[in-house]
Structure formats: C-alpha cells, structure tokens
Amino acid sequence: CSSSAAVLIESGTCSSCLPPCQTCVAGSSSLCTRCIAPNALSGNQCVGNCPTNQFAKDGVCVCIPGTY
C-alpha cells in the first residue's frame, strides 16, 4: 500500500477509499471510519459541517452537551 493513499483498514488487502474518507469500512469505499481534515465523521459519512446541535471534536461530530 502507498502510505499516502486512503485505504481500507478493516481488511487484509489494500483498497482505496473515496474522498473525503481517510479510512473506510471493509467492502465499502464510501462508508468512512475516519475523515481527511477538515472534515468530521458523522455516522459513516464525512461532512464539512456537523449537523445541528453537534460540533467536531477530534475529527468526529459529537452532541453539544445538554442537547439531543
């Protein structure tokens, strides 16, 4: 694998993930497990802006305390 390529981390083979995924679920190049900055992970998708009542923390969208 090229260290600069986005790869599937849950499988034993090297395959490309679709941007903006940095890493993705084995068998699906568009279900992300980590995102290329400045995107953040929301579910299995990388987003530029987190959904309402969420903010990006360490590359993952998390709920604002006290909101649902």
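Cys61 has a relative accessible area of 12% and therefore counts as buried, a word used here for anything under 20% relative accessible area, with exposed meaning over 50% and partly exposed the range in between, all computed with a 1.4 Å probe on protein chains only. This is a predicted model, in which local features need pLDDT of at least 70 and side-chain atom pairs count only at pLDDT 80 or more, while totals for chains, interfaces and linings use all residues. Residues are numbered from 1 along each chain as its sequence is written, and side-chain values use heavy atoms, with hydrogens and water left out.

The partner of Cys61 is Cys50, and the sulfur atoms of these two residues lie 2.1 Å apart in a disulfide, the term for a pair of cysteine sulfur atoms within 2.5 Å. The torsion about this S-S bond is -85°, and the link of Cys50 and Cys61 is left-handed. Cys50 sits in the loop between β5 and β6 (54–57), whereas Cys61 belongs to strand β7 (residues 60–63), so that the bond joins distant parts of the chain, eleven residues apart; strands here are DSSP runs of E with at least two residues, helices are runs of H or I with at least four, and both are numbered from the N terminus.

By the distance rule, the count of disulfides comes to four. One of them joins Cys21 to Cys32, with an S to S distance of 1.8 Å. This pair links Cys21 in strand β2 (residues 21–24) with Cys32 in strand β3 (residues 32–35), distant parts of the chain that are eleven residues apart. Because the torsion about the S-S bond of Cys21 and Cys32 is about -60°, this disulfide is left-handed. Cys21 is buried, at a relative accessible area of 2%, and Cys32 is likewise buried, at 2%.

Another disulfide is formed by Cys35 and Cys46, whose sulfur atoms are 2.0 Å apart. Since Cys35 lies in strand β3 and Cys46 in strand β5 (residues 45–47), this pair ties together parts that are eleven residues apart in sequence. The link of Cys35 and Cys46 is left-handed, with -95° about the S-S bond. Cys35 has a relative accessible area of 9% and is buried, and Cys46 also counts as buried, at 14%.

Cys63 is partly exposed, with a relative accessible area of 47%.
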